[in-house]
Amino acid sequence: MKPVYSGFPLVMETETDGFIYGEITDHFNFEYEEGKFCTSGDGFVQAPDGNKAGIIWDVEDEPYLSVCIEPEEDRWGVYNVGFVKPIQTMDDLIYNFKKVLPFIKEAYYKAKLGK
């Protein structure tokens with residue numbers, strides 16, 4: 001059995017404090033030709049210890065994180081995440097990832113402690 005999220009690339013440019021965003025949905029697969037930006041997608045986060053969690057993101061006014069699937073044996077959960085701006089560039093992806101990272105870290109540590 002393949003590890004969860006195997007075959008999907010990590011976006012190394014997002015690495016912050018050992019946490020790295022991984023891409024499932026191509027964040028440069030623009031859904032609006034005219035505007036050329038992406039407003040939702042699926043990804044994952046790799047923690048410093050290599051464990052992963054899924055994220056389902058969309059654009060909201062404020063960053064947030066809510067539990068979609070509780071931690072399981074092969075991942076520390078799946079989370080709905082609010083990015084604060086559409087993605088057009090790598091800088092946008094990095095900015096969004098850093099805005100939600102405090103919520104991601106909190107979810108990771110809760111999953112690790114089993115709370």
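This is a predicted model: local features need pLDDT of at least 70, side-chain atom pairs count only at pLDDT 80 or more; totals for chains, interfaces and linings use all residues.
A salt bridge here is a Lys or Arg side-chain nitrogen sitting within 4 Å of a carboxyl oxygen of Asp or Glu. D49 belongs to the loop between β2 and β3 while K112 belongs to helix α1, so the contact ties together parts that are 63 residues apart in sequence. D49 itself is partly exposed, at 38% relative accessible area.

That pair is one of five salt bridges in the structure. Another joins K105 to D17 at 2.5 Å, N to O, and it too links distant parts of the chain: K105 is in helix α1 and D17 in the segment before β1, 88 residues apart. K105 counts as partly exposed at 24% relative accessibility, whereas D17 is exposed at 53%. K110 and E106 also pair up, at 3.2 Å, N to O; they are four residues apart in helix α1, and therefore separated by about one helical turn. Both ends are partly exposed, K110 at 43% and E106 at 42%.

As for the sheet, its five strands form an open arrangement in the order β1-β2-β3-β5-β4, with mixed pairing. The edges go to β1 (20-23) and β4 (64-69); each has a single partner strand, so one side of each lacks a neighbour in the sheet. From one strand to the next, the twist averages 35 degrees. Strands β3 (residues 52-59) and β5 (residues 78-83) run parallel over six bridges, with W57 opposite V81 in β5. Helix α1 (residues 90-113) lies across β1, β2, β4 and β5, at about 140 degrees to β5.

Technical notes:
Residues are numbered from 1 along each chain as its sequence is written. Side-chain values use heavy atoms; hydrogens and water are left out. Two strands pair if DSSP finds at least two bridges between them. Helices (H or I, at least four residues) and strands (E, at least two) are DSSP runs, numbered from the N terminus. Axes are lines fitted to C-alpha atoms, for helices over the stretch in contact, and angles run from 0 to 180 degrees between N-to-C directions. Contact means heavy atoms within 4.5 Å. Buried means under 20% relative accessible area, exposed over 50%, partly exposed in between (1.4 Å probe, protein chains only).
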